[in-house]
Amino acid sequence: MPLPPEPSMPRLPSILNQRAPVPVAALLLAIACGSAGAAVRLPAVISDRMVLQRSAATPVWGWADAGETVSVRFGATAATTRADGDGRWRVDLDLGAERRAGELRIRGADSETVVRDVLLGDVWLASGQSNMQKPLGERKGERPTFDYRAEIDAADAPDVRLFKVARKRAPAPLDDVAGEWVRCSPESVERTAFSAAAYFFGRRLHRELGVPVGLIDSSYGGTRIELWTPAAAAAGTDPGPDHSVLYNGMIAGLAPFGLKGMLWYQGESNLIDDGDGAAYTAKMARLVDAWRGAFGGGQPRSSPGSSPRTLSGPLPFYYVQIAPHLYHVVRPSKVADSEAAARLRQAQAAALAIPSTGMVVTTDLADDLADIHPRDKRTVGLRLANLALADTYGRKDIEARGPRFRAMRVENGRALLSFDHGEGLFASDRKPLSWFQVAGADGRWHPAKADIEAGRVAVASVRVPHPVTVRFAWDEAAQPNLVNGAGLPAVPFHTGAAQ
């Protein structure tokens, strides 16, 4: 059977679109007789060219008449249920043993809907603000990503499927979103303005794993984390008038679609609008917990050579730390000092205490400190993919994390720092280590000389004979050179702050 053509016009939200039209004469006769039931309706994310998450419990849901029997079939796997009093129904399909392509058939009392060109693979949700939203191509007011024309021309990957969620704010959770699945191609990545970071992530996973990859891009520039957090998760906080509006309009209608994991790139607006970096850790924890709850928490996970039925813990959540930028120079009325960004980065690093998370460091990726949108989204996507390959898919040959401060001890006037993921420490530019500072009991900071010795970093200053605290890359513009053997930059830190 030939593949269905790509749509030439944006697909209507599924609440307005029924895939199994009834002939007009028959419809009029049925209405006249009062016996016609409404066609079974599906959410927009369950549609032609989709990727279904390969797992032992993959949700399929939609709407029908209250009490109507609904049957769902994919290949040899089938399930039947009844719509509840509100007309909503759901089944969980065991797709662990199914083939990778086929049709999803949903039959109600009087109609059948067929979703065509469905692949089985892994689906990832990517969200955040403008650095996640930034497309491969040109976007008004921004410089395009590096080598964007060659990258677009090379974006021919029909087993990578893209779903771009239309931007929408809503005062209450919606049951659907607007969007369509498209095959990844030079035309589709440009037409949809799909997230560059998410695209590079998905392309690497597809090449490494050889399985179909579905990517859902639900991002919106200039937005705070509170707008993406469900209202129920804000208990005990001051949510503000527009809390949750993006969760309501752009995330709620996707749930409970089966996911392999989530990607997040956000934080700049919280720094600019709020300035309270320390609070971001708790905000992230609320968002992660709420999203995992909406999408079913843990999902069956598979890796090459293993069964998709193998159970995992919570859904993986991989995120990007904000990049170097002259916040208090470009926005002096919003950001008070050059350390505000460092405090927010510290809060982002502290969020690694949330189970099944990973963080990409970007201190080496800013090409212009006056531009809040670094152009190298390829490296961001590849680093996110390496986190997934190492943690979600069990690849032991990949070091996906940069050095992270573990402990400090003082010896002969020097602070000796040890690191996790610190195998093969070196200076990326082969120059002396940069952006280290040390303070004594008086709390006054001084630039420090730092050297790598036996896998540790020794930090000292003639002005601080008795070191008490060390900080590293503690500035909005810091672009330090300490990396590990994998070439990954060290996580900015402050030994006197919580890790």
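Tutor: Gladly; we will take the terms one by one and set each value against its definition. This is a predicted model, in which local features need pLDDT of at least 70, side-chain atom pairs count only at pLDDT 80 or more, and totals for chains, interfaces and linings use all residues. Residues are numbered from 1 along each chain as its sequence is written, and side-chain values use heavy atoms, with hydrogens and water left out.

Student: How do you know what confidence the protein chain has on average?

Tutor: From pLDDT, the predictor's confidence in each residue, on a scale from 0 to 100. The protein chain averages 89, and 88% of the residues score at least 70. Where pLDDT is low, the predicted coordinates should not be read in detail.

Student: What makes something count as a helix or a strand?

Tutor: Both are DSSP runs, numbered from the N terminus: a helix is H or I over at least four residues, a strand is E over at least two. By that rule the protein chain has 11 helices and 23 strands.

Student: Why is β18 called an edge strand?

Tutor: Let us start with the sheet. Two strands pair if DSSP finds at least two bridges between them. β17 (residues 436-439) and β18 have three bridges, in the antiparallel sense, and Gln 437 has Pro 447 of β18 as its bridge partner. The open sheet has four strands in the order β18-β17-β21-β23, with antiparallel pairing. β18 (445-447) and β23 (493-494) each have a single partner strand, so one side of each lacks a neighbour in the sheet, and they stand at the edges.

Student: What makes the pairing of β12 parallel or antiparallel?

Tutor: Strands of a sheet pair through backbone hydrogen bonds, either parallel or antiparallel. β11 and β12 pair in the parallel sense over four bridges, with Trp 264 opposite Tyr 319 of β12. β12 also pairs with β13 (residues 357-360), again parallel and over four bridges; here Tyr 318 stands opposite Gly 358 of β13.

Student: How do you know whether Arg 49 is buried or exposed?

Tutor: Buried means under 20% relative accessible area, exposed over 50%, and partly exposed in between, with a 1.4 Å probe and protein chains only. Arg 49 has 7% relative accessibility, so it counts as buried. Asn 412, at 74%, counts as exposed. Arg 49 has a positive phi of about 70 degrees although it is not a glycine, and the phi of Asn 412, also a residue other than glycine, is positive and near 55 degrees. Over the whole protein chain of 499 residues, 56% are buried.

Student: And what makes β12 a strand with both faces covered?

Tutor: In a regular strand the side chains alternate between the two faces of the sheet. In β12 (residues 317-320), Phe 317 and Tyr 319 are on one side, Tyr 318 and Val 320 on the other, and all are buried.

Student: Why is a set of residues called a nonpolar core?

Tutor: The set must consist of buried Ala, Val, Leu, Ile, Met, Phe, Trp, Tyr and Cys residues joined through side-chain atoms within 4.5 Å. The largest one here has 75 residues, of which Leu 104 and Ile 216 touch the most other members. Strand β7 (residues 112-128) gives the largest share, six residues. Domain 1 (51-117) and domain 2 (120-393), whose bounds come from an automatic or database domain assignment, both give residues to this core, so it lies between them. A second, separate core of 40 residues includes Ala 155, Val 182, Ala 198 and Ala 388.

Student: How do you know that Arg 401 and Asp 391 make a polar contact?

Tutor: A polar contact is a pair of N or O atoms within 3.5 Å; within protein, one must be able to donate a hydrogen and the other to accept it, and residues adjacent in sequence count only if both atoms are side-chain atoms. The side chains of Arg 401 and Asp 391 are joined at 2.6 Å, while a polar side-chain atom of Arg 401 lies 3.3 Å from the backbone oxygen of Thr 357. Arg 401 itself sits in the loop between α11 (377-392) and β14 (404-411). Contact in general means heavy atoms within 4.5 Å; beyond four places in sequence, Arg 401 has such contacts with residues including Gly 358, His 421 and Asn 484.
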